[in-house]
Amino acid sequence: MEDRAVFTNKEKALAVYKWTIKKYIPFSIAYWILLFITLPMIEIFGMIVCFSEDHFKDYTKGLDIVAGNITASVFAFVAILFATIIAIMAFSYMHNKRKVDLFGSFPMSRRTLFFARYFAVLTLAVVPVIVFGTLGALLTLNDTAMIEVIKNIGIIVVSLIGNISFIAFISVCCGTVADVIISYGIINIVYPICVFICYFFPERTVPGMEQGYLPATIFTFFCPFASSYTAAFGTGKEIGIIWWLVFSVILMSGCYALCKKRKAEMAQN
């Protein structure tokens with residue numbers, strides 16, 4: 001690697017950032033294709049059908065509801081699934097002894113290496129969503145539908161940041177990839193169940209107890225995989241967005257503190 005005297009930490013981080021993006025380009029191409037199919041291609045197909053049958057007004061009216069729902073459902077699922085997989089892959093270097101020793105020999109700090117890969121994952125996951133989401137919004141040819149799509153894209157971006165930060169923190173705390181996957185899966189499943197029980201069980205069992213109000217986004221406070229759905233289709237959208245922005249900062253602060261203290265012996269342990 002480069003000499004410390006020649007390259008600054010910023011230049012080293014940029015080199016790792018570019019290298020990480022190049023490494024996952026083949027996997028990212030499939031992601032771009034799926035995003036294109038799940039939103040812009042559907043709109044283009046609908047536009048062709050309506051133009052051929054001279055029903056352009058039906059196309060613009062129909063997209064008032066359809067475009068927003070597609071963006072918040074299928075499009076969001078593809079984005080979150082890719083972000084989950086690519087984040088686990090990118091941070092798996094901490095769970096392999098050979099890779100830990102190799103990266104540890106590089107003339108850069110653990111924090112520089114970790115956050116360079118973190119921002120590379122964010123770029124790989126978020127940029128395509130913004131590109132195809134914006135394209136999908138423009139293809140609606142309808143002001144109302146365009147605004148709805150843009151709102152959903154904003155929710156998806158916040159959810160992606162929260163999801164990647166969540167996996168990054170778990171990766172720092174775990175010793176193997178299996179631990180990361182299991183921990184991520186259990187937390188995403190168990191937390192909503194616990195909130196559901198605490199919310200509905202007392203009202204069902206205690207006579208005279210009335211059911212209170214609980215925003216839907218609270219059910220996914222520690223469930224990043226489904227957070228975009230509760231924000232888009234449920235209640236408490238503002239609470240959910242603020243929570244994941246703040247929680248992402250907290251998670252990254254935790255990663256900043258732990259990634260340097262994390263011992264190399266934790267890999268595969």
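Reader: How much space lies in the largest cavity?

Author: About 70 Å³. Keep in mind that this is a predicted model.

Reader: How many cavities of 30 Å³ or more does the structure hold?

Author: One.

Reader: And which residues line the largest cavity?

Author: The lining consists of I155, V158, S159, T217, T220, F221, S227, T230, A231, G240, I241 and W244.

Reader: Which helices each supply at least two residues of that lining?

Author: Three are on that list: α7 (143-173), α9 (227-233) and α10 (237-261).

Reader: Switching to rings. What does the count of aromatic pairs come to?

Author: The count is 20 aromatic pairs. One of them is Y199 with F219, where the ring centres are 6.1 Å apart and the planes stand at 80 degrees, so this pair is edge-to-face.

Reader: Why does edge-to-face apply at 80 degrees?

Author: Because planes over 60 degrees apart count as edge-to-face, and the planes of Y199 and F219 are at 80 degrees.

Reader: Where do Y199 and F219 lie?

Author: Y199 is in helix α8 (residues 177-205), while F219 is in the loop between α8 and α9, so the pair ties together parts 20 residues apart in sequence.

Reader: Are Y199 and F219 buried or exposed?

Author: Both Y199 and F219 are buried.

Reader: Which residues form an aromatic cluster?

Author: F91, F114, F115, Y118, F119 and Y256 form one. Y256 also has the charged end of R111 over its ring, 3.9 Å from the ring centre.

Reader: Now C174. Where is it found?

Author: C174 is in the loop between α7 and α8.

Reader: Is C174 buried or exposed?

Author: C174 is buried, since its relative accessible area is 10%.

Reader: With which residues is C174 in contact, leaving aside neighbours within four places in sequence?

Author: With H95, D179, V180, S183, R262 and M266. H95 is 79 residues from C174 in sequence, yet their C-alpha atoms are 7.8 Å apart in space.

Reader: Last, the whole chain. How many helices and strands does the chain have?

Author: Ten helices and zero strands.

Reader: What percentage of the residues count as buried?

Author: Of the 269 residues, 46% count as buried. As for contacts between residues at least 6 apart in sequence, 77% join residues at least 24 apart.

Methods
Residues are numbered from 1 along each chain as its sequence is written. This is a predicted model: local features need pLDDT of at least 70, side-chain atom pairs count only at pLDDT 80 or more; totals for chains, interfaces and linings use all residues. Side-chain values use heavy atoms; hydrogens and water are left out. On a 1 Å grid over the protein atoms alone, a cavity is a set of points where a 1.4 Å probe fits but cannot get out, and a pocket is an open set with protein on both sides within 12 Å along at least five of seven lines; lining residues have an atom within 4 Å of a point. Grid points are joined across faces, edges and corners, and a volume is the space filled by probe spheres set on the points. Helices (H or I, at least four residues) and strands (E, at least two) are DSSP runs, numbered from the N terminus. Rings of Phe, Tyr and Trp (its six-membered ring) pair if their centres lie within 6.5 Å; planes under 30 degrees apart count as stacked, over 60 as edge-to-face and the rest as tilted. Buried means under 20% relative accessible area, exposed over 50%, partly exposed in between (1.4 Å probe, protein chains only). A charge sits over a ring if NZ of Lys or CZ of Arg is within 6 Å of the ring centre and within 35 degrees of the ring normal. Contact means heavy atoms within 4.5 Å.
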